[in-house]
Amino acid sequence: FTLWGAEAEGGWSSREEQLLLDAIEQFGFGNWEDMAAHVGASRTPQEVMEHYVSMYIHGNLGKACIPDTIPNRVTDHTCPSGGPLSPSLTTPLPPLDISVAEQQQLGYMPLRDDYEIEYDQDAETLISGLSVNYDDDDVEIELKRAHVDMYVRKLKERQRRKNIARDYNLVPAFLGKDKKDKEKAPKRKITKEEKELRLKLRPLYQFMSCKEFEDFFENMHKERILRAKIRELQRYRRNGITKMEESAEYEAARHKREKRKENKNIASSKRGKEEGKEGEFAAIENLPGFELLSDREKVLCSSLNLSPARYVTVKTIIIKDHLQKRQGIPSKSRLPSYLDKVLKKRILNFLTESGWISRDAS
């Protein structure tokens, strides 16, 4: 017999109704394929769904059993206001606009906005083994809460680092895309001093957004320009200039004055070099016989601290003995007593190199 009478469509028997109720309890609402198999091969999943919805939900039985307003007795423990373990804590950023090859290079998963290796990769071990048991005492519960708090702080640090990397375009810089962007939009040329200042200010990146930092840096640049301009105006004022029209004439005169001063310094440096060249023979230039020496002989006498007259005497004796030996005449001259072995050797080497005497004679 039919349970619902003439109002039921499809001619459902009471046995099929009983099997349908058993199936909805066993497989759950929505699993129409398994419910149809349980009811019998004569019923399709679509027929099962339509019959259950029309008879047991929208029908008289549903109106009598299901209230119009269902009170929400479920407490939301996800803390959407930003509390611990809130979904808003680590809300994924929009995925990076990079190619598949670049994603593989970074180990980046765009749909989750995660990396294969995150900051503090082992942070999940803090809570992976946690469980709340009915026999836990207060100390154990507080210890587990402390672990959760530590884990939440690590999640916040991960998100903060991702935000900084996204804000300062660190990923395009790593992939080499920032060079192309710089070529497209040339900015003001940054000096070496400004680059060094940027390096010193780099720790401030974590406290400021990219735009805030750029504005801060540009304002510092403007401040340096204004300070330089103020110093220039103060210099004009000290020199009696009160109008900007007079400053151009003053700058031209100052430029000429500095040019003359620079030329004067160059001339004096050249003169000093020439005087220094003559001054290296200052110890012997006033002694007799200095004008008889060549430049090389002057250097030799100056280095040996030997007077020109004594050098000429030694040179004459050595050359005379050399000529007598070449003619087969035995030499009878004696070298002066002030000529020691070191001086004699230095003078002989010099005369040999100059070609005054042969090497075998020396």
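Q: What volume does the second largest pocket have?

A: Rolling a probe the size of a water molecule over the atoms shows where empty space is left. In this predicted model, where local features need pLDDT of at least 70 and side-chain atom pairs pLDDT 80 or more, while totals for chains, interfaces and linings use all residues, residues are numbered from 1 along each chain as its sequence is written. Side-chain values use heavy atoms, with hydrogens and water left out. The second largest pocket has a volume of about 310 Å³ (the space filled by probe spheres set on grid points joined across faces, edges and corners; a pocket is an open set of points on a 1 Å grid over the protein atoms alone, where a 1.4 Å probe fits, with protein on both sides within 12 Å along at least five of seven lines).

Q: Which residues lie nearest the centre of the second largest pocket, and which helix gives the most to its lining?

A: Among the 18 lining residues (an atom within 4 Å of a point), Tyr115, Arg161, Lys162, Ala165 and Val171 lie nearest the centre. Helix 6 (138-167) and helix 7 (170-175) each supply at least two lining residues, and helix 6 gives the most, with five (helices are DSSP runs of H or I, at least four residues, numbered from the N terminus). The lining divides into eleven nonpolar, one polar and six charged residues.

Q: At what angle do helix 13 and helix 14 pack?

A: Helix 13 (residues 308-326) and helix 14 (residues 341-354) pack at about 65 degrees, with their axes 11 Å apart, and are therefore roughly perpendicular (65 to 115 degrees).

Conventions
Axes fitted to C-alpha atoms, helices over the stretch in contact; angles between N-to-C directions. Parallel < 35°, antiparallel > 145°, perpendicular 65-115°, else oblique. Nonpolar A, V, L, I, M, F, W, Y, C, P; charged D, E, K, R; others polar.
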